[in-house]
Amino acid sequence: MTTETDLIRNIALVGHQGNGKTTLAEAMLFRAGVVTRPGRVESGNTVLDTQPEEHDRTQSLTLGLASFSWGDYRINLLDPPGYADFVGDATTALRVADVAVFVIDGVSGLQVNDELLWQVAGERSIPRILFVNKMDKERASFDVVLAGIRDHFGSGVEPVDLPVGEASAFTGVADLLTEHVILYDSGSANTSDELPADIADREHEQHEHLVEDVVEIEDDLLSKYLDGEDISVAELEHALRAGFAAGSLWPVLCGSAVDAIAVDRLLDFVCRIAPAPSEVPGIEVRGDGVAKVRGDGVAEVRCNPSGDPLAYVFKTQTDEYVGQVALVKILSGTVHADDVLVNQRTGAKERLHNLLRVLGSKHTAIDTAEAGDIVGAIKLTDVSTGDTLAPIGSSLTVPPIVHRRPVYGIAVAAESAGDEDKLATALAELVSDDPTLEVTRDSETHQTVVRGAGDVHVQVALTRLKRRYGITLQTEPVKIAYRETLLGTVETEGRHKKQSGGHGQFGVATVRFEPLPRDEGYEFVDETRGGVIPKSLIPAVGKGIAESMGRGGRHGFPLVDLRATVLDGKHHSVDSDDFSFRMAGALALRAAIDKVGTLVLEPVDHVEVTVPSALQGDVMADLGRRRGQIEGTEPAGDGEVTVIASVPTSEVTDYPVALRSMTHGRGRLALSFKCYQERPEPR
């Protein structure tokens with residue numbers, strides 16, 4: 001029995017920026033009759049690019065969802081940005097999709113983000129189709145692009161289409177499975193079994209190659225082929241579907257999104273070949289009540305409409321009319337409007353007041369959603385990207401996606417003091433919608449820092465913040481949290497005496513100061529004898545020293561890695577108090593700084609740069625110019641190498657942008673704080 005779940009196809013359109021993913025989505029909606037005229041990215045009137053920032057930059061900047069019907073099937077189309085800074089959304093799309101359609105530029109061929117996202121899809125073992133777009137453009141070449149794809153992705157790449165004509169003469173495709181040709185004229189498609197004479201011989205040859213490769217997938221079919229028996233189209237398609245689902249075969253189709261040529265062919269192919277949600281491996285979860293698939297507590301939930309309801313919030317977006325919209329994949333069970341599920345992160349009950357069919361910024365209310373479907377939900381109380389919604393009493397949780405730590409930061413502040421609280425709330429909501437962003441408050445530099453994958457990512461986030469919340473921002477570079485330590489061991493006296501009638505203030509402390517090894521912090525020792533300072537007041541000396549360390553040394557940076565040993569002192573039975581000895585400790589430290597001076601320490605980051613092996617030398621030389629110490633290299637697979645180094649933080653604040661330029665987007669960067677070290681004196 002065919003269920004609604006069996007007829008769902010969850011498709012992610014992925015690929016490099018500018019390959020035409022959003023234009024292809026528009027062409028699909030046009031062919032499906034959802035829109036009467038395809039929108040254009042340059043005109044800002046596409047269904048999926050809904051944000052003003054996307055219109056201004058004429059590029060997709062956030063994950064879009066379009067749900068529509070194609071014959072008997074329900075298509076949930078996910079369109080993430082292709083720009084490298086927004087790879088987090090592409091990774092999210094690949095987490096919830098059941099098939100990935102890689103949109104490849106028919107002129108430029110494979111590009112950086114195509115290759116990077118292919119790796120991500122491979123790690124998830126998601127079936128992949130390649131659609132060579134822009135076959136109507138000058139210099140488009142299916143053969144050249146196909147050769148490049150095979151060179152990078154291997155022998156599993158299998159063309160199932162041939163273009164009929166190229167550039168301005170591109171009019172359709174030849175189906176290598178059926179040996180039919182589909183020609184397009186004024187937007188309408190006509191199918192014929194009469195191949196154009198100029199491609200007939202080549203088509204027959206490619207058909208034979210396809211048959212030879214596909215029959216190897218199934219032993220029975222291979223035996224039949226070797227015995228000289230005819231192989232039917234249905235048998236070929238069945239084997240093709242098996243190889244596709246197993247990840248041993250990646251079909252290649254071609255067309256033009258701008259002219260909607262072969263877009264219907266692509267949709268038909270996906271519906272016939274791609275797996276339904278119920279046919280893909282179950283989602284990994286943590287918790288009790290299902291069979292364990294690994295020894296570390298990870299379990300598996302299969303996509304079953306009759307199972308217990310379980311939903312995963314893979315994206316939240318803010319709509320100016322309805323507020324927050326949570327994009328949800330139903331992993332198991334059937335969910336109804338007004339059902340109550342528990343947010344496993346907060347433990348709070350969430351009533352699903354409204355379930356929505358999502359088409360860009362347009363929403364249509366629905367009553368139910370079965371396992372495998374992707375829907376929207378509004379009016380939820382406290383839901384963030386990555387949350388799991390489960391039945392009351394369930395312990396199941398979907399592990400959130402682990403994104404790369406953001407590496408590029410800008411310090412922000414509200415221009416108006418009255419907007420400070422508003423800014424904090426706005427930043428929290430931005431991070432809730434986009435967990436690849438990070439907001440921190442640096443207690444040393446007193447800056448609020450917004451970090452993202454790159455400069456464009458951060459700038460788009462701040463532009464969105466200004467538009468949504470009406471906050472005028474001030475931005476500045478992130479300050480470096482330098483520190484100081486004493487240059488040597490010294491013994492000083494701090495004397496605080498004040499007489500102004502009545503009780504005065506009196507405290508004297510003799511203290512030995514000595515620098516400690518890096519990252520040892522602050523150590524306070526009492527070696528007084530004979531009660532020269534009352535035991536109750538000795539901690540005040542240490543507190544005064546610590547407070548003075550925080551106020552900074554000669555250069556104004558906090559002092560660290562210091563041992564202070566109080567040796568001697570004097571007190572007065574009436575005038576000595578806690579404040580007097582705090583002042584004595586602080587004055588002793590000031591005297592020590594004046595005597596021996598301080599050394600400035602700078603933060604150093606642990607840096608890992610992954611690049612193609614051919615770029616290793618360029619990266620190592622550049623890190624050397626940034627005062628980096630190369631610690632080694634490690635092979636990263638697929639012809640890549642990871643360069644490991646220690647580099648001063650001040651030298652890598654702009655490195656994400658520089659690395660992208662130097663490696664043409666092929667470099668990946670990971671940064672983490674390592675230690676403090678002596679900063680060389682400026683020349």
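**View 1. Residues of helix α8 meet residues of helix α9 in this predicted model.** On the α8 side are E237, L240, R241 and F244. Their partners in α9 are F269, R272 and I273. Contact means heavy atoms within 4.5 Å. The contact residues divide into four nonpolar, no polar and three charged. Nonpolar covers Ala, Val, Leu, Ile, Met, Phe, Trp, Tyr, Cys and Pro; charged covers Asp, Glu, Lys and Arg; polar covers the others, Gly among them.

**View 2. The axes of α8 (residues 233-246) and α9 (residues 263-273) cross at roughly 80°.** They come within 10 Å. That makes α8 roughly perpendicular to α9, a label for angles of 65 to 115 degrees. Axes are lines fitted to C-alpha atoms, for helices over the stretch in contact; angles run from 0 to 180 degrees between N-to-C directions. Helices (H or I, at least four residues) and strands (E, at least two) are DSSP runs, numbered from the N terminus.

**View 3. Four strands form an open antiparallel sheet.** Their order is β7-β8-β9-β10. Strands β7 (161-164) and β10 (188-192) are the edges, each pairing on one side only. Pairing requires at least two DSSP bridges between two strands. From one strand to the next, the twist averages 25°.

**View 4. Strand β9 (residues 180-185) runs antiparallel to β10.** Five bridges join the two strands. D185 has S188 in β10 as its bridge partner.

**View 5. Helix α9 lies across the strands β7, β8 (172-175), β9 and β10.** The helix runs at about 135° to β9.

Residues are numbered from 1 along each chain as its sequence is written. Local features need pLDDT of at least 70, side-chain atom pairs count only at pLDDT 80 or more, totals for chains, interfaces and linings use all residues, and side-chain values use heavy atoms, with hydrogens and water left out.

Definitions and conventions
Angles under 35 degrees count as roughly parallel, over 145 as roughly antiparallel, 65 to 115 as roughly perpendicular and the rest as oblique.
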